[in-house]
Amino acid sequence: MSRANGTPYAPHTDEETEAMLAAIGVADEESLFDIPDPVAFDGDFGIDGRTEREIRDECARIFARNDDLTEFLGRGHYGHYVPSVVDHLADRAEFLTSYTQYQPEVSQGFLQALFEYQSMLVELTGLDVANCSMYDAATALGEAATLADRVRSASGDVVLVPEQLREGKRAVLENYCDGADLRVETYPMADGTADVDALADRAGDDVVMVYAESPTVRGCIEARLAAVGEIADETDALFTLGSDVVALSVLESPAEVGADVVVGESGALGLPTAYGMGLGIFACRDDFLRQVPGRLVGASEERAPPEAARDGGGDAADAGGTRAYTLTLQTREQHIRKERATSNICTNQAWVALRAAIHAATLGPDGLVDLANDCVREAAALADRIDDLSGAAAPVHDRHHFREFAVRVDQPAEAIAAELEAEGFAVHAIGEHLLQVCVTDLNAGKTDALVEALEGVL
Amino acid sequence: MIHDQANYEREGEHVREPLLSEKGQETVDVREDSPLPDDLTREELTLPNPSEPETARHYTRLSQMNWAIDSGPYPLGSCTMKYNPKFTEDVAADPNAAIHPDRSARSAQGNLELQYRLQEVLADIGGMDAVTLQPPAGAAGELTGILVAKAYHEHHGNDRSEVVIPASAHGTNFATAATAGYDVVELPSGEDGRVDLEALEAAVGDETAALMLTNPNTVGLFERDITEIADIVHDAGGLLYYDGANLNALLGRGRPGDMGFDVMHYNVHKTFATPHGGGGPGAGPVGVVDELAPFLPSPRVRETNGGKGYERFEPEHTIGKVHGFTGNWLVLIKAYAYVARLGDEGLADAAAKAVLNANYLAERIDLDVPFGPFHHEFAATAGDRDAADVAKRMLDFGVHPPTTKWPEMVPEAMLTEPTEIEGQSSLDDLAAAFNLAYADTDEALDAAPNRTAASRIDQVGAARNPRLSWQALGEE
């Protein structure tokens, strides 16, 4: 038995390869390729294959070049402690190495986990329908805009978003709007939250969707979401609310404030800080069920099989009627509806949804509410302490905050952020004299050190 | 081979693992201990509250009811279900890599270096000049590529309205073109299963922004006339888009850039063996030729100081962003590790064994394969049998069936892609499953599957009466 140099992940011995070639009736592997010479490639990429150990060392060396900073960063991407049980269960190969559940009879496990994830989001949003994932909050917002375009028969083409919105999120939204001939416009904010009067003035027949966030990109909790919802409703615009899975555990229920669609991040659970990798929420009212983008898992039953045909007879014949899960309403999707699909999404973030669901189950409602309450308390406490420093005022906005808040500094913000970085801390510089600081359970123990460092550089 | 999947019975009754909600929920009064005023909070929250041991058992039982690559053959055509090397998980789990995307470039040199290295290897593998890692999936890569093409045309004052797509293409191609605001022109397949040059000539024109092409195509055939195809599209002022779903067949033997493609996406969860995760996350980096590089999403990463450091930069005419941050970072790390493990020889061998396996399996099955010579995948026809029923019966024999009833140019298609990871004996088992199911009685096919965690599921009822949450079940 021998194996030529090649991929370590193919089991063929040379003898097997020969036998298989003989069975096919060709002399060598090359004969199986039908690539004309002018476009054939000689295989020289210049990539040296390395051993596992070499690659682990190499990547560890590369990643060690990231500075070891204590991050007080948020603005849409959040790290909370992820319990070990999440990794250990989600990493089970039966989950990790499976794919989309095209054969539901052998995929009941993942389907049920996704059904449970959808159900958790139904509870958190109060809306009837939640899909089993989008890529991230930004792409989910883009999908919401195209949904608004489809379900609103009004001749409008404007998507209204808050003036303070993460730039990257707006850039993604613009790309989804581009193809639907929608335009993105902003409405003003008053002290960190929606300026409802200005929004009411701006609203009109040309608006297909009004978007608001709570918490906002600066961590402010919106106090007048119901008013935003009413403005949207009066002009027959879709009201889309952005939030995240932890904040939703305690903030006003989106359904109660009139949200038609909820988008945002579920990756705040289940994922560590991951350089921006996320998990998009998409939930909506029942009315839009057949316009939902992405995959939906539904409950169904095992079909009662014809008894005579059972190869073993017996127990399985009693199976009819037992609940089972399946991907459903697939006629919305690209593999069936093609250019008339509700979205082009195929591969999604299912495994991240599994992780978020396990994390939520591990916390339970008590743990989730505690985690969320800490996001409010820790932010308020840290803002207070920063406000006591001379040369800084926090929070900039006179609002309740969730995880993060803006800080006004007398000196240039960029310079202060750079000096803090030299001291081992990362914060956002969001304006000439504005910093933003985010505190979660991961860095709450380091706030003393941050305040001390900040005092030193102010 | 017969395979029984996990099943539970109590007193002769088939019982399924209960929903978490059925195991017990708890309602918490949110306002009781809230630091927020009542008008900002919800009243209560009701969710399951399992203990950790219960949670562990619940998800372990669910996992036992789930087929995966590590369970056995998973030859889903066009999905490239390769083995996912375990060490790549450990590489990606490095806590030093788990930083926030808003870090300054100065403090994130490690991540930027890996991004840069991956951009470079992917460019080499595709024969492209510049790569973005931002798209979080294949379809997101398609949208990125088509938006780049659109921006390129618009930049040259050349608005075009159509994207041409072969009838046999992935559904995502059509949906992507529509999402980008293009009309779709569907190109019928030629009699030999490939692009018909005359039909292509007729389909392209002044309105053609791009032709989206999969090569080898979705029945595994290499588009031999690719040079002529590229000329026709380019002469009309259009761009040639490469759908990377089938790149595994070409590794080391052909590069899209050398064939005249201007823009392509890579499915790293297919070609570069990152886990499919039950549906995702994947990643869909996009490569382009020099002319299109200024339009790529922002930021990209480049070297500074002759390779001593790395920085982010905004391409001159960037389309902006296609993901809120940097894409599916943890997946990208795994792809880098896989490519590094294989190197030139391993990559070329992966393609060779993938093509060998498809051809060997096709030789061993009793079903006809109408189109050839195919590469890494083939579309067998179930003839007068229902392909979906044959597939259900295959589940009883310890394999996952192929993709069924697609592409439509093969009647009752069973699109099969064994990938390089199966050995001869495994392929023989797979062939046996095909042949036993294909030859079975109508009654047996109709009753299948019998040995799976669930027997045949009522799909029509699921769609007619949608119950999408445990709350909906509770209302019944």
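Author: Two residues are in contact if their C-beta atoms, placed from the backbone, lie within 7 Å. Please bear in mind that this is a predicted model.

Reader: How many residues of chain A are in contact with chain B?

Author: By that cut-off, 167 residues of chain A are in contact with 172 residues of chain B. On the side of chain A that touches chain B, helix α11 (residues 350-387) of chain A gives the most, with 16 residues. That side of chain A comprises 81 nonpolar, 48 polar and 38 charged residues.

Reader: Which domains does the assignment give for chain B?

Author: The domain assignment lists domain 1 (8-69), domain 2 (87-341) and domain 3 (343-456). Taken over C-alpha atoms, the centres of domain 2 and domain 3 of chain B are separated by 29 Å. Between these two domains of chain B, 18 residues of domain 2 are in contact with 19 residues of domain 3. The side of domain 2 that touches domain 3 holds eight nonpolar, eight polar and two charged residues.

Reader: What should I know about the largest nonpolar core?

Author: In soluble globular proteins, nonpolar side chains tend to be buried together. Here the largest nonpolar core has 320 residues, and those with the most contacts inside it are A145(A), V159(A), M209(A), V210(A), V148(B) and Y241(B). Helix α10 (residues 329-364) of chain B gives the most to this core, with 24 residues.

Reader: With which residues is V159(A) in contact, leaving aside its neighbours within four places in sequence?

Author: The partners of V159(A) are then A145(A), L173(A), C177(A), L182(A), V184(A), V208(A), M209(A) and Y211(A).

Terms used. Residues are numbered from 1 along each chain as its sequence is written. Chains are lettered from A and ligands numbered from 1 in the order in which they are written. This is a predicted model: local features need pLDDT of at least 70, side-chain atom pairs count only at pLDDT 80 or more; totals for chains, interfaces and linings use all residues. Helices (H or I, at least four residues) and strands (E, at least two) are DSSP runs, numbered from the N terminus. Ala, Val, Leu, Ile, Met, Phe, Trp, Tyr, Cys and Pro count as nonpolar, Asp, Glu, Lys and Arg as charged, and the others, Gly among them, as polar. Domain bounds come from an automatic or database domain assignment. A nonpolar core is a set of buried Ala, Val, Leu, Ile, Met, Phe, Trp, Tyr and Cys residues joined through C-beta atoms within 7 Å. A residue is buried if 20 or more other C-beta atoms lie within 10 Å of its own, exposed if 12 or fewer, and partly exposed in between; C-beta atoms are placed from the backbone.
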